[in-house]
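Have the viewer open and follow along.

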Amino acid sequence: MSIEIRNINKEFGSFTALNNVNLDVPSGELVALLGPSGCGKTTLLRIIAGLESPDSGSIHFHGEEATNRDVRERQVGFVFQHYALFRHMTVFENVAFGLRVRPKKQRPTEGEIHRRVHQLLELVQLDWLADRYPPQLSGGQRQRIALARALAVEPKVLLLDEPFGALDAKVRKDLRRWLRRLHDELHITSVFVTHDQEEALEVADRIVVMNQGHIEQIGSPQEVYDNPASPFVYKFLGNVNQFHSRVDAGRAHIGDLAFTLNDHQAAQNHDALAYVRPHDIEVYTEKNGDPALQAVVSHIHAAGPLVRLELQAGNDADTIEAEITRERFRELKLGHGSQVFLKPRHVRVFLQQNQPG
């Protein structure tokens, strides 16, 4: 089932939670609403669910108006951060709950309920825990049971609000992969809220980056990571170095470095911000004649496959981060206080606002 979100506005007192939000979620797609706390992503999810009403705008499910439709009529399944399982019920009873509370005319037979519940428990790979109680399960198991319970009512749309937020990093990573495989099998239209960029990049078909009640960018994980539409998206998706720059006639200047730009041809001596990912900075111990940023190694993080360097390029400058391979690190023979020369490989420049040009 596709979801069409049109001109949604929502205020809480003087706080604007959503400001003219428009979004299409095609049928069968897994979409992540990504952004910092307070950006409006959970409010938007609750409006899609019918748990919250917009001040204006509309929600359509598969082309049909659903803005004022009761939550029970929307055929939506929910999974929240804190499981919300009934502690006094077995795993089996928790998953069966949504089916058993249906009006009598819509309620499946007891045999059908048993068949469907065991089928779902097999789907989430926990059929062997049917007789256990939630307190006897791990956090990851409880969240998979919560997902099975949401799927039991055969929803047309699945909504997940920070579904793995309460779990430790290892379990979260395992469940992300599991959710992606499950979605590929079921193809239920799904929207999940997260503030974890790694989670969104790994799981989603498309990412909707939100900030202060509006959408900054929509695109595939690769699109939003490789081509951020704004400084906010650049800074929110992974580590990035920010440099103050000047743009003049299609050339950006950072210190002694100059780069030819494809855009901003009309800008004349315009203040700008330049962004470079740590892995896009080349590190040398000799200048080799070309212009380069001079810096000193202030810290070395050598855990994992890459070595992360913290560098100072002057007394008052911000710390610059660079990532190099272990082989390159050994080759350069770097230590604390080593002098290095830096050359960015890929630079993205944004003109600063409120300035002519």
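Let's begin with contacts, meaning heavy atoms within 4.5 Å. Of those in the chain between residues at least 6 apart in sequence, 65% join residues at least 24 apart. Keep in mind that this is a predicted model, where local features need pLDDT of at least 70 and side-chain atom pairs count only at pLDDT 80 or more, while totals for chains, interfaces and linings use all residues. Residues are numbered from 1 along each chain as its sequence is written, and side-chain values use heavy atoms, with hydrogens and water left out.

The chain has 9 helices and 20 strands; these are DSSP runs numbered from the N terminus (helices H or I, at least four residues; strands E, at least two). Its C-alpha trace spans about 80 × 45 × 35 Å along the principal axes. Of the 357 residues, 47% are buried, with buried meaning under 20% relative accessible area, exposed over 50% and partly exposed in between (1.4 Å probe, protein chains only).

Now for the holes. On a 1 Å grid over the protein atoms alone, a pocket is an open set of points with protein on both sides within 12 Å along at least five of seven lines, a cavity is a set where a 1.4 Å probe fits but cannot get out, and lining residues have an atom within 4 Å of a point. Grid points are joined across faces, edges and corners, and a volume is the space filled by probe spheres set on the points.

The largest pocket comes to about 810 Å³. It has 24 lining residues, and Arg-72, Val-76, Phe-78, Gly-98 and Val-153 sit closest to its centre. β6 (76–79), α2 (91–100) and α4 (139–152) each give two or more residues to that lining, with β6 giving the most, at 4.

Two or more lining residues each come from α4, β7 (157–161) and α5 (169–186); α5 gives the most, with 4.

Finally, the backbone. Most residues other than glycine have a negative phi. Asn-20, in strand β2 (residues 15–25), has a positive phi of about 55 degrees. Asn-20 counts as partly exposed because its relative accessibility is 42%. Lys-333 also has a positive phi of about 55 degrees, and it lies in the loop between α9 (326–332) and β19 (339–344). At 71% relative accessibility, Lys-333 counts as exposed.
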